[in-house]
Amino acid sequence: FPSVKSREEGFFYGHPQNRFWKVLAAIFNENIPQTIQEKKEFLLNNKVAVWDVIHSCEITGSSDSSIKNVEVNDLTRIVKTFKMSEEDIKQIFANGKKAYSLYNKYMKQIVMKEAICLPSTSPANAAWNIDRLVEAWKIINE
């Protein structure tokens, strides 16, 4: 579920300390997108879709451990849309263990695709510096 800052901004990974956009920019050898429009164009140009497993929940601040009363997003809409087009979803990646566990709990049996758990780009994941994150995340561009 998005951080407080991302919810305020109205787009994914809006907290300036989150390393998501820096990691993706490094992987795709592009400038770090700054505006929401630049981020949307970046994702489209690199054929990356971003979506939350959780549509709504009760959460304290941005703390994943406080998440309860989860209502999930319907990811089948996205999967069906791509299956009807010429491009299929090649892989689903989860940004961190919480997203991975929520995907497996709520969506895996519906979407029928395995997810790969990547280390979280959150600043709370201090054990992973930017270089280690980029190395682990390179799999999304293979």
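Reader: Which residues of the largest nonpolar core touch the most other members?

Author: This is a predicted model, in which local features need pLDDT of at least 70 and side-chain atom pairs count only at pLDDT 80 or more, while totals for chains, interfaces and linings use all residues. Residues are numbered from 1 along each chain as its sequence is written, and side-chain values use heavy atoms, without hydrogens and water. A nonpolar core is a set of buried (under 20% relative accessible area, 1.4 Å probe, protein chains only) Ala, Val, Leu, Ile, Met, Phe, Trp, Tyr and Cys residues joined through side-chain atoms within 4.5 Å. Among the 16 residues of the largest one, those touching the most other members are Leu24, Ile27, Leu43, Trp137 and Ile140.

Reader: Which element gives the largest share of this core?

Author: Helices are DSSP runs (H or I, at least four residues), as are strands (E, at least two), numbered from the N terminus. Two or more residues come from each of H2, H3 and helix H7 (130-137). The largest share, 5 residues, belongs to H2.

Reader: With which residues is Leu24 in contact, leaving aside its neighbours within four places in sequence?

Author: Contact means heavy atoms within 4.5 Å. Beyond those neighbours, Leu24 meets Phe42, Leu43, Val48, Trp137 and Ile140.

Reader: Is Lys47 buried or exposed?

Author: Lys47 lies in the loop between helix H3 (36-45) and strand S1 (54-58), and its phi is positive, near 55°, although Lys47 is a residue other than glycine. Exposed means over 50% relative accessible area. Because its relative accessibility is 65%, Lys47 counts as exposed.
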